[in-house]
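Biologist: Thanks for sitting down with me over this one. Could you walk me through it, one question at a time?

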Amino acid sequence: MPDTITMSDERWQQTGAYIREVFCATDHGHAGVMARAIAAGLPAIDAGPDTGKFLQMLVMLTGGRLVIEVGTLAGYSAIWMARGLGQGGRVITVEASAKHAEIARAEIDAAGVGNRVVIRQGKGGEVLPALRKELGAGKADLIFLDAERSEYLTVLDTVHALLRPGGVLAIDNALSAQRWVSDPYGPGEAIDTMDKVDRAIAADKRFISTVVPVGNGVLVGVKI
Ligand code: DHB
Ligand code: MG
């Protein structure tokens, strides 16, 4: 779990620890993925086992044929989601950094899901519109955003077009990235990027959405 932003309330910390202890006790090799990535200089900002398992379950619930992820890092969440795919399903994961993409390729292959995961190198803002052209509209069961947060609202129309009706938009760090979203703002403090994203999607009538307070918070929106 990343520790860049921590919730001050002890009970919140205990709750997260409880969920990870009771529901995420089996590692399935994920800790090794991040240990090797951190040793190679990547930041410790993986989704964590609680969010990873939740994503795997979302993939299973949506039928798991086509999943698109933005923000591969070392492949941690892609491996979780690949394990939720149905037969013949695939994850297309988009990563801006060539170094991260190379590490992720090796980790995803070593995890035994290499034939189900395609890595596309590039920024979400460029690769998502390309995928929209290549795949056509309405094909994705789930799109998970965990990358450059200032891009999310810019790509929202493309994300909406890529999703099938009933498909799911999931966004990491819906509660905590640069700051804890529900903390009161100081005088003159600019609105936090994720706060803006949360509020925009909550008000967007094309999705039914809420935030599930697992990990750093996962926004879940179902395309109507
Ligand atoms: C950061 C990014 C993440 O995606 C995350 O889950 C935690 C922290 C960060 O940029 O600090
Ligand atoms: Mg994240």
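Biologist: Leaving aside neighbours within four places in sequence, which residues is A74 in contact with?

Modeller: Happy to start there, with the reminder that this is a predicted model. Contact here is a matter of heavy atoms within 4.5 Å. Once the neighbours within four places are set aside, the residues in contact with A74 are V33, M34, A37, L42, I103, A104 and E107.

Biologist: Which element supplies the largest share of the largest nonpolar core?

Modeller: That core has 33 residues, and A74 is among the members that touch the most others, as are M81 and I108. Elements that each supply at least two residues include α2, α5 and β7 (218-223). The largest share, 6 residues, comes from α4.

Biologist: How far apart are the end C-alpha atoms of α5?

Modeller: Helix α5 has 13 residues, 98-110. At 1.5 Å a residue it should therefore span 18 Å. The model agrees, with the end C-alpha atoms apart by 18 Å.

Biologist: Around the axis of α5, what arc do the buried residues cover?

Modeller: The buried residues of α5 are H100, A101, I103, A104, E107 and I108. They sit on the same side of the helix, because around the axis they cover an arc of only 165°.

Biologist: And which residues are exposed on the other side of α5?

Modeller: The buried residues pack against α2 (30-39), α4 (76-82), β2 (90-95) and β3 (117-121). On the other side of α5, the exposed residues are E102 and A110.

Biologist: Which residue caps the N-terminal end of α5?

Modeller: Look for a side-chain oxygen 3.3 Å from the backbone nitrogen of K99. That oxygen belongs to the capping residue, S97.

Technical notes. Residues are numbered from 1 along each chain as its sequence is written. Chains are lettered from A and ligands numbered from 1 in the order in which they are written. This is a predicted model: local features need pLDDT of at least 70, side-chain atom pairs count only at pLDDT 80 or more; totals for chains, interfaces and linings use all residues. Side-chain values use heavy atoms; hydrogens and water are left out. Helices (H or I, at least four residues) and strands (E, at least two) are DSSP runs, numbered from the N terminus. The expected span of a helix is 1.5 Å times one less than its number of residues. Buried means under 20% relative accessible area, exposed over 50%, partly exposed in between (1.4 Å probe, protein chains only). The arc is that of the directions from the helix axis to the C-beta atoms. A polar contact is a pair of N or O atoms within 3.5 Å; within protein, one must be able to donate a hydrogen and the other to accept it, and residues adjacent in sequence count only if both atoms are side-chain atoms. A nonpolar core is a set of buried Ala, Val, Leu, Ile, Met, Phe, Trp, Tyr and Cys residues joined through side-chain atoms within 4.5 Å.
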